[in-house]
Amino acid sequence: MIKGMISVVVCTYNQEQTIGRTLDAILRQQCHVPYEIVIGEDCSTDGTRTICQQYAQRHPDKIRLICNEQNKGLIDNYFDCLLTCQGEYIADCAGDDFWTDAQKLEKEVCVMERHPEVTMVITNWQYYDERTKDTTPSQQRHHKPITPGRELLKDIITQYNMSVFHLCTALYRNEVFRQAYEEDTALFRGKSRCSEDMQIAFTMALHGEIAYLPDITLNYSIGRETISYSADDAKQFWFVRKNTELIHDLSSKHHIDIGDFYQERIFALGMHAFRAHQPRLYQETLACEADWNVKRTVKNQILFFVMSHEWLWKIGLMVRLVVVSVKRVCR
């Protein structure tokens, strides 16, 4: 680990239209400490690898390109890259997002240098619509400049108080991550994990203070399918299922009371199962309800009653189709 150095992780897969934009934004950073860019190219089937190779050839002093021989998936790709990082500090930017502030790293590392108790710095950000090129404020919750991390643990896992963090805006301490990773590797890359950001943010908050800068530093890309959002309800079901399992693991281990959160998640799972019209997902929802010891709400009772009768389920789907069609016409 090189003291005072920043490692920027960029994981990419089939992002030939956006990866150059991401790398250009990172290379524009003006920072008083050195930084490296660690690219994890996850065996893309389009031109992403060629573009990454071209950037690595042009910037051999900045870029370390890791070309996976087989597709690893986001989790393994991310943490494999992270474990090769040489920097004292870690930042990351997804291959379809891009930083908008050339001083992002400079602002964040200055906070880290002044406040050794701070384990992570986060900033404000905005949505960027790939189709229209419009930006929309994230409605980021405005934090105090520095907050004891344990005060944020509940918000980090539930996201009730809108956008506690976006990891692509963050800078965090490599040493804190590595120690937590060695102590509980399964937390970060167990087989059921579907994301990497919650574990990292939670770990940083658990072991220190979180600093917040109100500056917008990131355009978060929307308008296309991602690992955390899919128009396919079956795919979205499994993302929500795995994400909630991680939340359950963290809240149980650290005795965090998150109230009626699980009731809302059971309803979300049930609705994905309903729209997908897959009885197997309905049964999986019931199993989750039992495993998480969730008290059934009235709306969940109604939803499950409908799905327990195939004829009612089909009627419900037809009614939904009519409602959706009417809404489209009214627009």
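In this predicted model, Cys288 has a relative accessibility of 1% and therefore counts as buried, whereas Cys31, at 21% relative accessibility, falls in the partly exposed class. Because the buried class is limited to values under 20%, the 21% of Cys31 places this residue in the partly exposed class. The count of disulfides comes to 0. Cys31 accordingly takes part in no disulfide, and the nearest cysteine sulfur, which belongs to Cys110, lies 7.2 Å away.

Strand 4, which spans residues 87-92, is mostly covered, with 6 of its 6 residues buried. This strand is joined to strand 1 (residues 2-12) by 5 bridges in the parallel sense, and within that pairing Val8 has Ala91 of strand 4 as its bridge partner. Strand 4 is also joined to strand 9 (residues 171-173), here through 3 bridges and in the antiparallel sense, with Ile90 bridged to Tyr172 of strand 9.

A further group of pairings involves strand 10, which covers residues 209-222 and pairs with strand 5 (residues 98-99) in the antiparallel sense over 2 bridges; Trp99 has Leu218 of strand 10 as its bridge partner. Strand 6 (residues 118-129) runs parallel to strand 10 and is joined to it by 10 bridges, and Leu213 of strand 10 stands opposite Thr123. Strand 8 (residues 146-148), by contrast, runs antiparallel to strand 10, the two being joined by 3 bridges, and Pro148 stands opposite Glu209 of strand 10.

Helix 8 (residues 197-206) is largely enclosed by the rest of the structure, because 9 of its 10 residues are buried. The buried residues of helix 8 include Met198, Ile200, Phe202 and Leu206, together with the polar residues Gln199 and Thr203.

The largest nonpolar core contains 64 residues, of which Tyr78, Leu82, Met120, Tyr172 and Ile200 touch the most other members. Among these, Tyr172 is also the strand 9 residue bridged to Ile90, and Ile200 is one of the buried residues of helix 8. When residues up to four places away in sequence are not counted, Met120 touches Met112, Leu167, Ala170, Leu171, Tyr172, Ala201, Met204, Glu209, Ile210 and Ala211. A second, separate core of 34 residues includes Ile63, Val121, Trp125 and Tyr128. In soluble globular proteins, nonpolar side chains tend to be buried together.

Conventions. Residues are numbered from 1 along each chain as its sequence is written. This is a predicted model: local features need pLDDT of at least 70, side-chain atom pairs count only at pLDDT 80 or more; totals for chains, interfaces and linings use all residues. Side-chain values use heavy atoms; hydrogens and water are left out. Buried means under 20% relative accessible area, exposed over 50%, partly exposed in between (1.4 Å probe, protein chains only). Helices (H or I, at least four residues) and strands (E, at least two) are DSSP runs, numbered from the N terminus. Two strands pair if DSSP finds at least two bridges between them. A nonpolar core is a set of buried Ala, Val, Leu, Ile, Met, Phe, Trp, Tyr and Cys residues joined through side-chain atoms within 4.5 Å. Contact means heavy atoms within 4.5 Å. A disulfide is a pair of cysteine sulfur atoms within 2.5 Å.
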